[in-house]
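Me: Got a model open and want to talk through its geometry with you. Can we go piece by piece?

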Amino acid sequence: MFYRLFKLIITYFYNIVVVFILCSTFALSQFKINEIIVSGNNEISSETIVAISGLSKSNNLSANSINEGFRRLSDSGLFQNVVLNPVGSRLIISVIENPIINKVDFEGNKIFKDSFLLSVISSKSRTPFNKGAIDEDVRQILQIYREKGRFKAIINPQKVILEEGGIGLVFSIKEGPRTEIKSINFIGNKKFSDARLRSVIESSQKNIFSFISTSDDYSELRQEKDRKLLEDFYNDKGFANAKIKSSVGTLSDDWKNFNITYTIFEGNMTSISEVKFDNQISSLDLSTINNLVNIKSGDLYVGSKIEKTRKSIEKRINDLGFPFAKVSSKKINIKERDNVEIVFQIFNGPSLYVERIDIKGNNQTLDKVIRREFSISEGDAFNPTLLRKTEEKLRALGFFKNLSVAVFPGSSPNKAVVSVEVEEAPTGSLNFGAGYSTDTELSGTVSLSERNFLGKGQRLLFEVLASESNKSVKFGFTEPSLFNRDLSAIIDLTYLDVEPKQSSFSSNESSLRTGFGFNLGSDSRLITSLKFLEEKISVPESSSSLILKEDKGKISKTELSLNYLKDGRDSIVKPKYGYVFRSDLTVSGLGAGNSFIKGSAKGKIYNSYFDELITVTAELEGGFMQMQNGFSRTTDRFSLGGRSLRGFQYGQIGPREGNEPLGGENYAVSRVEANFPLGLPKELGFYGGLFVEAGSLWGLKYNKSKLSLDPNNLKSIDSKIRSSIGFTLYWSTPIGPLQFNWAKPQQYESGIDKTENFSFNIASQF
């Protein structure tokens, strides 16, 4: 018995050794191949198949190399079946091709357009019908539907025979109902209520506005973003160590609703014990950045303030000639006192230079038009902040439907290649517009424009505007980069016909304006212009104003203007912080019968409070006219009211002769407004504002030697203050922005000024 068992074991190991030797011999054996024959292929050439396999008859082939060739052909996705068979001195590659897709279609999709879905999948026209690739396409489409809260979406790919021949791939889609958020709950929050925390995040619970809102659709990406928003909120409230320990979305059994629960560790409110610098750049003098730190010992920890300080320090150091410097902030907990020590670490990042800037996809727009928007050039130190700014500037041009900026390794580790790929959009447009305001009443606009003429970034505009009080025709041309420099050139031809509803006069003006503009800094610009105009004022004999009748007639004059703009806002669209300042100075007449210097300035400051829920703006505006020769005309003087001073009719305050408003030679206005959400879903586009405005329009000199006026008939020449308070409702609608104002005048000239308790404005393009 023992002998038989011993014999079986010996025999077993002998067979293993033999098999191992045979396999090794086969694997190491070499095949001398004189010819590679491909069979079964119809669409794909034999040369392409051999190239994909990587096999060559010029070399001896081993079993391993043949297996590698098999793997390459199988992984290509071009074939249903692949067989490699060495026969004598020949290698026979037999394939069964995957059919080629002639057309890809989608059925049943309403949320996403065909073009978007096609950009998501890998199956395209003239690609193989590959089951593995199609399964991955189904997964990708399901994922984007999940991001829209459609967890019951069903995607069914189908192969169809086309009438014109070939096969098509159709993704039949059942989008399913929206999976909404039924509840958002919080665990561990003691300092803030559930309602307060819900106001911080983007997601919302199902409510009566769910039919027009998407914020209550469950999204995993939005849920992750909400976690970050909650942590940032706690950090800004002084809870330096607050963490969102978990966020769990639970799907109901019927797949209709989600319940989301956030588990929060709040910790204690934290103060700053000390602010330090860890400077690893020996040649940097810290005294040059100390004034940027407005955080001191005893201050409450505010995460956004520390991050803003970090960015300011890094920018200043980069500007001082250290392009690779980086700044990071670190907090060190001092547990026994609930304090943290803030350390700003300053160090040199890796030296990286821009080797090359590649531009792709611009079939019309010239390379130089794109390159002049770059804040960095070849050979400069690579700066991600400047690159992001460049991308914003390129998008702001409006020339491109899609734009991507990517960075790739260069020819050496310290070099980078910046690649810009664009898809051009139509830049010519024919617009029809309509609007209504209580200032100008009903108006209509037709404009023909080209924003990228001949691909040079030049702008052409032809516009016709008509309202009950204004009619104008304008032709304009702008060269944004004259001589390939930061110098814009403009030329405008304008005809303007005015019949203001608040007065009895009418005027028409023909003008030619040309000018130049250039940047004075990163956020300031100066425009100089020269204007030649001919103006005619008509006043009916029935008018009771002798001053207006003195203005009638035709004059020709020249005007030289300087316009300065400094924009320090954090956003052009919805500013929360910062300021904007604009000033205009015009010298008119230049030796003519009536010449004057006219100037105006306007400054506005933005600040936000209560986690940026309320934005407060303070504005100051004023202007003057200084006559050099003769007397001012009504078309040259300032007007006030309507949108410029709510609570008063447009042009109906200030100097007047009898019932005729004449305008004034000086004005000043101050405005304070607080804008805030109304608690409605963001998708509705509503927000409100409370305002206080005060201003005055005064000053009028006339030819006293020629006109004998009744002093009792000339009113409001002095600078008496008018003021109002009120509420504004802003509404962003698909047809355009709407603004409704309810104002109550506080100070005014009773029986003289014409007040206005309600006004609104609307504008739209279609």
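Predicted model: local features only at pLDDT ≥ 70, side-chain atom pairs only at ≥ 80, totals over all residues.

Me: OK, which residue is the bridge partner of I187 in β11?

Reply: Start from the strands: β9 and β11 (residues 257-265) run parallel and are joined by seven bridges. Among the residues of β11, the one that bridges to I187 is T263.

Me: Which strands stand at the edges of that sheet, each with a single partner strand?

Reply: It's an open sheet of three strands with mixed pairing, in the order β9-β11-β10. The edge strands each have a single partner, so one side of each is left without a neighbour in the sheet. Those are β9 (180-187) and β10 (243-251).

Me: And what angle does the direction of helix α7 make with that of β10?

Reply: On average, neighbouring strands in this sheet are turned by 15 degrees against each other, direction ignored. Helix α7 (residues 220-236) packs on the sheet and touches β9, β10 and β11. Its direction and that of β10 make about 150 degrees.

Me: Moving on, what's the bridge partner of S507 in β24?

Reply: Strand β23 (residues 506-521) pairs antiparallel with β22 (residues 488-498) over 11 bridges, and on that side V498 stands opposite S507. β23 also runs antiparallel to β24 (residues 524-538), with 15 bridges joining them, and a hairpin of two residues links β23 to β24. In β24, S507 has as its bridge partner I537.

Me: At roughly what angle do the axes of α2 and α3 cross?

Reply: Two packed helices are described by the angle between their axes and the distance between the axes. Here helix α2 (residues 46-53) and helix α3 (residues 63-75) have axes that come within 8 Å. I49, I52 and S53 of α2 meet G69, R72 and L73 of α3, a contact with three nonpolar, two polar and one charged residues. The crossing angle is roughly 115 degrees.

Me: Is S447 buried or exposed?

Reply: S447 sits in strand β19 (residues 441-453). The cut-off for buried is under 20% relative accessible area. S447 has 7% relative accessibility, so it counts as buried.

Me: How far apart are the C-alpha atoms of S447 and V473?

Reply: Along the chain, S447 and V473 are 26 residues apart.

Me: Phi next: what value does R126 have, and is R126 buried or exposed?

Reply: Most residues other than glycine have a negative phi, and most peptide bonds are trans. R126 is in the loop between α4 (114-120) and α5 (131-147), and its phi is positive, near 70 degrees. With a relative accessible area of 53%, R126 is exposed.

Me: Last one: which elements give two or more residues to the lining of the largest cavity?

Reply: The whole-structure search finds one cavity of 30 Å³ or more, and the largest cavity holds about 30 Å³ of space. Its lining includes N741, A743, F758 and S759, and the lining residues divide into three nonpolar, five polar and two charged. The elements giving two or more of them are β35 (736-747) and β36 (758-765).

Definitions and conventions
Residues numbered from 1 in each chain as written. Heavy atoms only, no water. 1 Å grid on protein atoms, 1.4 Å probe; cavity = no way out; pocket = protein on both sides within 12 Å on 5 of 7 lines; lining within 4 Å. Points joined across faces, edges and corners; volume = space filled by probe spheres on them. Helix = DSSP H or I, 4+ residues; strand = E, 2+ residues; numbered from the N terminus. Nonpolar A, V, L, I, M, F, W, Y, C, P; charged D, E, K, R; others polar. Axes fitted to C-alpha atoms, helices over the stretch in contact; angles between N-to-C directions. Contact = heavy atoms within 4.5 Å. Buried < 20%, exposed > 50% of the residue type's maximum accessible area, 1.4 Å probe, protein only. Pairing = 2+ DSSP bridges.
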